[in-house]
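Subject: Structure handover

Hello,

Please find the sequence and structure below.

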Amino acid sequence: MNNSKFWSILSNGVMILFSVLSLLPFVLLVIASFTDNQWALANGYSFFPGKWSMDAYRYIATEWDTIGRAYLVSISVTLAGSFISICISSMLAHALSNSRLPGGRILNFLCVFTMLFGGGQVASYYVWSNIFHIRDTAFALVLPNLLMSAFNVILFKNYFTVNIPASLKEAARMDGCGEFRMFWRIIMPMSLPITATVGLMTGLAYWNDWTNGLYYLSQRNGSKYYTVQLLLNQINENIAWIVSNGSTVTVNASEIPSTTIRMAIAVVGVLPVMVIYPFLQKYFVKGITIGAVKE
């Protein structure tokens, strides 16, 4: 066996090992969600539980009308936020990728500066709540924190600089193509890998986000805008309260799958991401590799 073949087998083996180790927690998560609650309380989580049960998912099913609405809110917020974020990030990146842009150095500096320093949560909360008045509205889930990312702008900018030839842009301008038309008809169709990459990262951020709802939505007026993450977290907290106060409530706390419900909630929350990610993986790998490299 030559040296290169040995290192190839070794590197593949290491990557397979890391892949298996990465998958094991997800496998345990799913198995634990199907484990009988009393068995899990007595023995802990196991890859080979002694007793299986669907009680955790039956409990979630009883709340499915509310959870289904939360899913629609999550999907709507994720799609709207990701689309708007891609649009504004890519358009800003297109402008910054132009070396002849007046004040381009200053704008690039300001973009990077926001990655290092922020105004703080208190100032942000005051601006969004008292100036823009987004409390208890759908805008509270879209606008703060996630809509604009300097990192995404830099990824787009580097991709445009490295992979979109300047001669192509000049040819389009000579043919009478305006900047807006050139951007949507030429540049964006050629930027599918980085668009899918940024879209996936932004979509994941919106799907998993619950801090915006925690800050800007109240249970009284904003609960109709609860996302699946907010709602499932609330269900989890309600179960914990019922279990801790079982002697003072009419619900039999022993019948609630207090332990396995947490695993089932995590499965319900992560399932859409696990379904979508394999279809975008090839674009994600290519986009994040090319977009992170600068000449």
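This is a predicted model: local features need pLDDT of at least 70, side-chain atom pairs count only at pLDDT 80 or more; totals for chains, interfaces and linings use all residues.

Residues are numbered from 1 along each chain as its sequence is written, and side-chain values use heavy atoms, with hydrogens and water left out.

Cores

A nonpolar core here is a set of buried Ala, Val, Leu, Ile, Met, Phe, Trp, Tyr and Cys residues joined through side-chain atoms within 4.5 Å. Buried means under 20% relative accessible area, exposed means over 50%, and partly exposed is in between (1.4 Å probe, protein chains only). The largest nonpolar core has 31 residues, and I60, I67 and L232 touch the most other members. Two or more residues come from each of helix 1 (3-33), helix 3 (55-62), helix 4 (64-96), helix 7 (139-142), helix 11 (192-208), helix 13 (228-244) and helix 14 (260-291). Helices are DSSP runs (H or I, at least four residues), numbered from the N terminus. Helix 14 gives the most to this core, with six residues.

Contact means heavy atoms within 4.5 Å. Leaving aside neighbours within four places in sequence, I67 is in contact with I60, L231, L232 and I235. Apart from this core lies another one of 16 residues, including I86, L96, L155 and F156.

Two buried threonines

T202 lies in helix 11 and is buried, at 3% relative accessible area. Its side chain reaches the backbone oxygen of V198 at 2.8 Å, a polar contact being a pair of N or O atoms within 3.5 Å; within protein, one must be able to donate a hydrogen and the other to accept it, and residues adjacent in sequence count only if both atoms are side-chain atoms. Beyond four places in sequence, T202 is in contact with G81, S82, S85, L146 and N152.

T35 is placed in the loop between helix 1 and helix 2 (37-43). T35 counts as buried, with 3% relative accessibility. The side chain of T35 reaches the backbone oxygen of I31 at 2.8 Å. T35 and W52 are 17 residues apart in sequence, and their C-alpha atoms are 4.5 Å apart.

A partly exposed phenylalanine

F113 is in helix 5 (residues 104-116). F113 counts as partly exposed because its relative accessibility is 37%. Its C-alpha atom is separated by 8.7 Å from that of A150, 37 residues away along the chain.

Regards
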